[in-house]
Amino acid sequence: MTLLELEDVTAGYGPVQVLDGVSLSVPEGGAVGILGANGAGKTTTLRAITGVVRAGGRITFDGQDIRGRRPEQVAAIGIAHVPEGRGTLADLTVRDNLRVGAYLRKDRKGVQEDIDYLLELFPNLKERYRSAASALSGGEQQMLAVARAFMARPRLLLLDEASLGLAPSTAKNVYDAIRRLRAESGIAMLVVEQNANLAFTLVDSATVLETGRSVLTGSSAELRGMDEIRRAYLGG
Amino acid sequence: MGTFIQLVVDGLATGSVYAALALAIVLVNQATGLINFAQGGMAVLSAYVAWWFTTLGVPLILAILIAVLFSFVLGAVIERYVMRRFERGDPDTAVVVTIGLLTLITGVCGWLWSYNNRQMPSLFPLDTVQVLGAAISVRSLGTIVVIVAIMLLLQALFLGTKLGLALRAVAINPQSASFSGLPVGRLLMTGWGLAAVLGAVAGALVAPQLTLTPGMMDTALVYALAAVILGGLSSPLGVVLAAWLIGVLENLAAVYVPFIGHDLKVAVPFVLIFIVLLVRPQGLFGRRSVVRV
């Protein structure tokens, strides 16, 4: 069952065309990676899905056409976006960031249960529960960004460069927690990641973008076996 | 001693009016990053609305409540249909638009109700009460009480409710907030509406004293901006304290420093600003903005 489907999606910023025909699909409960060089359009693909940039082509989620919807409308149908640079709300505490994540939910009890669950999953956040997000380390902020997105109980999580700027061991911790989140919740994920080795620990399949076009799609095992993928993204 | 207490209380009262206007400016600035120079004009328009309803025989308190409601809608509409186009663009353009709005609203008030002084009835009697041998005006006390109560309500709204949390989130990062499903546009309208309400209260409280004219709030706006700079744009509490300080100092200086007198007292807060900005550019209570990479 396909949850998210992009067909021949185009997008850009003003006169600059960044996406020139991106097609990919994420099955219900699946995790799909987007690989590609800098400027290939990975981040823009996610931004096109959540309506941050205007897009052409077809974007369907759960059978509905969602192209052209505003970010808050996209959030309301069950897509949570963890943007590049994390987007944590700096002056708010960890607790308030999580409450903002649950803004659309009405089930108080469920919200508290999810907060407890996430604090257990990310023990660092538990220690910093009453601190401002701006006082957290980079890794903690990334964990908070993921936790906040999860608070919305989305069906699909868009994850943009979760390892950016983190020490390798911290990045691995973040991905371990995300993998556990996926295993325990069954949430679908679309993952942009510069570090392909890290991405392959999480995703089942991936699409490769080149200058705004999807050029190749395959399972993680297939892609890892390909020479050109190894050379370009896996460091030999 | 009696005169001194009297001057301080009166200073706190006018300071409270500046504080309400200054808080309105801070509210809009936190949400949208721009300074709304039309805040004073909007307050005057609301005061006129209240006055106009009293001339129709509506009881004063009800007339003020109607004006407060009107201001909320006015603020929201101005955000949605005027400022929205400029919020994402060049901030300088947006500021010029607010100055244009100030001129426009002042003109509309003059056109509808003429430039003659109108006598707005006061919520409080003109009596005085004796405190420690000083005759304190009930109007000053009432003004202080009403504005402090409104500030506490606002504080409770921002820190204790889901709407307040959402308003704070949008002020920090609208795009990131929208990813959690927050209706950014409607929240910005709410923020502008609340700011206009603060202005309306300030207008209704100060109008009886200044008498109602289209330019009534011009000086108050200048003082409010002074308080905003002095207190620091990022600190609502600092802004309120600064506004009180300005109100009190201005009153005291006029009486106790002979060469200043009533003509030069307007210069007092600006000398203060000049000194503060030399020493602490972020204001007395503001945070230095740090850009992290």
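This is a predicted model: local features need pLDDT of at least 70, side-chain atom pairs count only at pLDDT 80 or more; totals for chains, interfaces and linings use all residues.
Local features here need pLDDT of at least 70, side-chain atom pairs count only at pLDDT 80 or more, and totals for chains, interfaces and linings use all residues. Residues are numbered from 1 along each chain as its sequence is written, while chains are lettered from A and ligands numbered from 1 in the order in which they are written.

Me: In what order do the elements of chain B run from the N terminus on?
Reply: Helices (H or I, at least four residues) and strands (E, at least two) are DSSP runs, numbered from the N terminus. Chain B has twelve helices and two strands. Their order is α-α-α-α-β-β-α-α-α-α-α-α-α-α.

Me: What radius of gyration does chain B have?
Reply: The C-alpha trace of chain B spans about 60 × 50 × 35 Å along its principal axes. The radius of gyration is taken over C-alpha atoms, and the globule rule is 2.2 Å times the number of residues to the power 0.38. For 293 residues that puts a compact globule near 19 Å, and chain B agrees, with 19 Å.

Me: What percentage of the residues in chain B are buried?
Reply: A residue is buried if 20 or more other C-beta atoms lie within 10 Å of its own, exposed if 12 or fewer, and partly exposed in between; C-beta atoms are placed from the backbone. Chain B has 293 residues. The buried part is 46%.

Me: At what angle do α1 and α5 of chain B pack?
Reply: Axes are lines fitted to C-alpha atoms, for helices over the stretch in contact, and angles run from 0 to 180 degrees between N-to-C directions. Helix α1 of chain B covers residues 2–32 and helix α5 of chain B residues 138–160. Their axes are 8 Å apart, and the angle is about 30 degrees.

Me: Which residues of α5(B) meet α1(B)?
Reply: Two residues are in contact if their C-beta atoms, placed from the backbone, lie within 7 Å. From α1(B) come V9(B), D10(B), L12(B), A13(B), S16(B), V17(B), A19(B), A20(B) and L23(B). In α5(B) they meet S140(B), L141(B), T143(B), I144(B), I147(B) and M151(B).

Me: How many residues of chain A are in contact with chain B?
Reply: On the chain B side, α6 (162–172) and α7 (174–179) each supply at least two residues. In all, 16 residues of chain B take part, and they are in contact with 22 residues of chain A.

Me: Which residue is the bridge partner of T10(A) in β2(A)?
Reply: Strand β1 of chain A spans residues 2–13. Nine antiparallel bridges join β1 to β2(A). The partner of T10(A) is D20(A).

Me: Which are the edge strands of the six-stranded sheet in chain A?
Reply: The open sheet runs β6-β7-β8-β3-β9-β10 in chain A, and the pairing is mixed. Each edge strand pairs on one side only, and these are β6 (79–82) and β10 (213–219) of chain A.

Me: Which residue of β8(A) is the bridge partner of G33(A)?
Reply: Strands β3 (residues 31–36) and β8 (residues 188–192) of chain A run parallel, joined by four bridges. I34(A) has V192(A) as its partner in β8(A). For G33(A), the partner is V191(A).

Technical notes. Two strands pair if DSSP finds at least two bridges between them.
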